[in-house]
Amino acid sequence: MTDASLPAAPAAPARPKPGADAVAKAAAGGRKLTTVYVYEAPVRLWHWVNALSIVVLCVTGYFIGSPFPTLSGEASAHYLMGTIRFVHFSAGYILAVAFLGRIAWAFMGNQWSRELFTFRFWRKDFWRGCFTEIQWYAFLKPRPLKFVGHNPLAQFFMFWVMVVGLAFMIVTGFALYSEGAGPGSWQDVMFGWVIPLLGGSMQVHTLHHLGMWAIILFVIIHVYSVIREDIMSRQSMVSAMTSGYRSFKDDDPE
Amino acid sequence: MALETFYEVMRRQGITRRSFLKYCSLTAAALGLGPEFAPQIAMAMETKPRTPVLWLHGLECTCCSESFIRSAHPLVKDVVLSMISLDYDDTLMASAGHQAEAILDEVMTKYKGNYILAVEGNPPLNEDGMYCIIGGKPFVDQLKKVAKDAKAIISWGSCASYGCVQAARPNPTRATPVHEVIFDKPIIKVPGCPPIAEVMTGVITYMLTFGQLPALDRQGRPLMFYSQRIHDKCYRRPHFDAGQYVEHFDDEGARKGYCLYKVGCKGPTTYNACSTVRWNDGVSFPIQAGHGCIGCSEDGFWDKGSWYARLADLKGSGFGVEANADQVGLVAAGVVGAGVAAHAAISALKRAQHKNTDNGTDNGAGKGGEQ
């Protein structure tokens, strides 16, 4: 990952912080807009830590549910399930702490750092934007709109899977962890109530497992649409999450 | 007539003081209390008026009673004859019919607000409770009547605690656990199908000797017996951590006593004392006998999928699909993957087409942008 402080994009306009006004003005055709610093270092760090944790959690989680074939020899010679569970719990802690850090950064970062947590369902233009994006993906529109941050459809899925979904996985994950940590542990005090609420330990296991599949589906769609958008949309995608700068491919106002 | 103390009742029944004291120390040990508690128990039993227990039977199979009468520590004969003064239990009592019902009324009046109600089974609520009739009346009426003046209620077994088999989908009689019928009394859940005998006598002994409820967890189960999962204290746990499992019943792993996780053991999701207290005077418990735990002390265990599969059938979670999370997930991932591939192909095709048009008319993108 490139450090944000490096002059990664020397072609960037010499504006220190492109505020909402500047962007709006530029989008409206007032100024030439080529590159905007969108994803600050903590956001990018969170993205990649989160991505790595999710991969580790999915793989280890799957093998906790369906363990490897039996090992022979003495029990004391192995600790396979123990290790897999340890890695799962460690990655879970990392994901949870990173998630909290990401929430904190939403209060400190730029305007796009808050985008992940917002779901403007009360705004008509949000739903209109979603509809336009669906048209674009359904090949009904020859050209998409330009976005500095996420498009409304992406924002919708980001909110429901990466905020609500991850929160659900963290809460159910710690609730299951509390079963081993035992009554009175902080995990039990904070999350233990989830187990009777959702209908018992077995049920929480099943829901946690389904949550994994929801995230896997999200990852498939996320990776595909990012690569596709990188090629076909009017702004850069992949490089934006490494360097933090999003560049636009044309200067058309709309 | 003054109310008799436990001690007086025991002496009247011919129990010597020596036996009484022995009994007190055994009880203290059975409850996991230190030796200094034995005199406290003795003191309590000498001074406190005995607390009668009324034991009602609703929709159930009597397995709780069967378990209870096999208690070894304390012996159930001590509990029944000298200790709990089980004044009404239509399965165990000698009297029957009007005589039996008269005792129920007598105890309820004499010990108003001071007796413990133990419920085995649950009331079915459909058809005004007609699926379970006791003494000519629906069980739910008897339950409400006796609960009204009870000090506390013990829900024996999974029936009274959660509903159990009669409440399994589709629950035709609307069998309902006690805590969803009685709201104004403290209720202790002692789940299990049946609960372990020593757990039953242990709970009842604790309540009678200390005159208070044992410490309960969020779901109202006594922490001293239900605070850990079977898995947490299972003697096969080292095989679980090592990654050594029974793959099929009767395989090499089964003979060697490996972990039963892969053949559907519910130990990791079941709170009970089986792996510590065990059954039949500590002789064995299901996992020790080579069969996975079926999770009989958990809410709705009949509806949570196969006892022989580790991953639950989603039908049990109310999703209406007879497949587990992995099967559903793999199909969904396959569909989404195929969708993505098709979308990518169409996108490439469109792009190629677009480029051709661009080369031909040189205004394809411009047109789009002007919209």
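Predicted model: local features only at pLDDT ≥ 70, side-chain atom pairs only at ≥ 80, totals over all residues.
Chain A contains nine helices and two strands. Read from the N terminus, the order of its elements is α-β-α-α-α-α-α-α-α-α-β. Of the 254 residues in chain A, 31% are buried. Among the contacts in chain A with a separation of 6 or more, 63% are between residues 24 or more positions apart.

The UniProt record (unreviewed entry) annotates residues 45-65, 86-108, 153-177 and 210-227 of chain A as "transmembrane region". Two of these spans were examined for secondary structure and end-to-end distance. Residues 86-108 of chain A are 100% helix and 0% strand, with the end C-alpha atoms 33 Å apart. Residues 153-177 of chain A are likewise 100% helix and 0% strand, and here the end C-alpha atoms are separated by 34 Å. A further annotation in UniProt (unreviewed entry), "domain: Cytochrome b561 bacterial/Ni-hydrogenase", is listed for residues 38-244 of chain A.

Helix packing in chain A was considered for one pair. Two packed helices are described by the angle between their axes and the distance between the axes. The axes of helix 4 (residues 124-137) and helix 5 (residues 152-181) of chain A come within 7 Å and cross at roughly 105 degrees. Because of this angle, helix 4 of chain A is roughly perpendicular to helix 5 of chain A. On the helix 4 side of chain A, the contact is formed by A:Phe126, A:Gly129, A:Cys130, A:Glu133 and A:Ile134, which meet A:Pro152, A:Leu153 and A:Phe156 in helix 5 of chain A. The residues of this contact divide into six nonpolar, one polar and one charged.

The domain assignment of chain B gives domain 1 (6-226), domain 2 (230-317) and domain 3 (325-366). The C-alpha centres of domain 2 and domain 3 of chain B are 48 Å apart. For residues 226-306 of chain B, UniProt (unreviewed entry) lists "domain: Cytochrome-c3 hydrogenase C-terminal". Residues 226-306 of chain B are 20% helix and 0% strand, and their end C-alpha atoms are 23 Å apart.

Under "binding site", the UniProt record (unreviewed entry) lists B:Cys61, B:Cys64, B:Cys159 and B:Cys193. These residues span 133 residues in sequence, yet no two of their C-alpha atoms are more than 9.6 Å apart, so they gather at one spot. B:Cys159 lies in helix 8 (residues 157-161) of chain B and counts as buried because it has 29 C-beta neighbours inside 10 Å. Not counting residues up to four places away in sequence, B:Cys159 touches B:Leu59, B:Glu60, B:Gly121, B:Asn122, B:Cys164 and B:Gln166.

B:Cys193 is placed in the loop between strand 7 (187-190) and helix 9 of chain B. With 23 C-beta neighbours inside 10 Å, B:Cys193 counts as buried. Apart from neighbours within four places in sequence, the contacts of B:Cys193 are B:Cys63, B:Gly157, B:Ser158, B:Cys164 and B:Cys296.

Helix 9 (residues 197-210) of chain B contains B:Thr209. B:Thr209 has 24 C-beta neighbours inside 10 Å and therefore counts as buried. Between the C-alpha atoms of B:Thr209 and B:Glu198, eleven residues apart along the chain, the separation is 16 Å. Residues up to four places away in sequence aside, B:Thr209 touches B:Thr27, B:Ile41, B:Ala44 and B:Met45.

Note on methods
Residues numbered from 1 in each chain as written. Chains lettered and ligands numbered in written order. UniProt positions renumbered as here; feature names shortened; annotations may be inferred. Helix = DSSP H or I, 4+ residues; strand = E, 2+ residues; numbered from the N terminus. Domains from an automatic or database assignment. Buried ≥ 20, exposed ≤ 12 C-beta atoms within 10 Å, placed from the backbone. Contact = placed C-beta atoms within 7 Å. Axes fitted to C-alpha atoms, helices over the stretch in contact; angles between N-to-C directions. Parallel < 35°, antiparallel > 145°, perpendicular 65-115°, else oblique. Nonpolar A, V, L, I, M, F, W, Y, C, P; charged D, E, K, R; others polar.
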